[in-house]
Amino acid sequence: MAKNKMTGAENRSRAAEVYKRLRKAYPKARCTLNFETPLELLVATILAAQCTDERVNIVTESLFKKYRKPQDYFNAPIPQLEEEIRSCGFYRMKARSIVKTCRTMLDLFGGQVPNTMEGLLKLNGVGRKTANVILGECYHTAGIIVDTHCRRLSNRLAFSKHIDPDKIEQDLMKLVPREDWTMFSHSLVFHGRTICEARAPKCSQCCVADLCPFPKSAEGKRIAR
Ligand code: SF4
């Protein structure tokens, strides 16, 4: 496929076809963090920075039995919380972020996780990516979730030429119908984890290869991103 010189309408149609194929390829695409409440998802997303979802799920299995409300985190001795989340990495920073976030929820939101983008962005350690995860998974408000996979695939598929996640989010919002924003993001993530890997994309196994302008000469080679 030639370098992307398509019109907006052609790109929307291409994005729709990519989404259709990815949904078929990954019918179980979803958020892979385990949670039952908005607070649990919020804590899990903070722990997931620079860590795998699998590791986070191991840690939160016991953590969520012990800490059920924002007050529980807020009242916990920081060294104890650090120890409990240590294996997720950056545990000092993450422990403080969780406690600060819980304090803000107690101060401003009656101990609840806010259900708006504006409210969520007031929480420590919560950016648009985390906010969109929570809105999409807990509050039925679809959002584009730009993580490292979504960013890489959006660039390779020429859905966005930007590196900045907020700009990529804006580009994808124009290409994908609102109701599909959350699942479109999850589908890209699943494809990025299994086929369109960061350093060595498996283009010959890719179900959207004919729709992707990324140079196939990069197949299997270690590349920058
Ligand atoms: S063709 Fe290659 S670069 Fe394009 S989406 Fe598929 S795996 Fe990724």
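Visitor: Which residue with a positive phi follows α9?

Guide: This is a predicted model, where local features need pLDDT of at least 70, side-chain atom pairs count only at pLDDT 80 or more, and totals for chains, interfaces and linings use all residues. Residues are numbered from 1 along each chain as its sequence is written. Helices here are DSSP runs (H or I, at least four residues), numbered from the N terminus, and α9 covers residues 148-156. The residue with phi near 60° that follows α9 is Ala158.

Visitor: Which helices do the buried residues of α9 pack against?

Guide: Buried means 20 or more other C-beta atoms within 10 Å of the residue's own, with C-beta atoms placed from the backbone. In α9 that picks out His149, Cys150, Arg151, Leu153 and Ser154. Counting contacts as C-beta atoms within 7 Å, these buried residues pack against α10 (165-175) and α11 (181-194).

Visitor: Are α2 and α6 roughly parallel or antiparallel to each other?

Guide: α2 (residues 38-47) and α6 (residues 91-108) have axes 10 Å apart, at an angle of about 150°. Those axes are lines fitted to C-alpha atoms over the stretch in contact, with angles running from 0 to 180 degrees between N-to-C directions. Angles over 145 degrees count as roughly antiparallel. The two helices are therefore roughly antiparallel.

Visitor: How many residues around the ligand are charged?

Guide: The shell, meaning residues with a C-beta atom within 6 Å of the ligand, includes Arg156, Lys202, Cys203 and Phe214. Asp, Glu, Lys and Arg count as charged; Ala, Val, Leu, Ile, Met, Phe, Trp, Tyr, Cys and Pro as nonpolar; the others, Gly among them, as polar. The shell has 10 nonpolar residues, no polar ones, and charged residues numbering 2.

Terms used: A residue is buried if 20 or more other C-beta atoms lie within 10 Å of its own, exposed if 12 or fewer, and partly exposed in between; C-beta atoms are placed from the backbone. Two residues are in contact if their C-beta atoms, placed from the backbone, lie within 7 Å. Angles under 35 degrees count as roughly parallel, over 145 as roughly antiparallel, 65 to 115 as roughly perpendicular and the rest as oblique.
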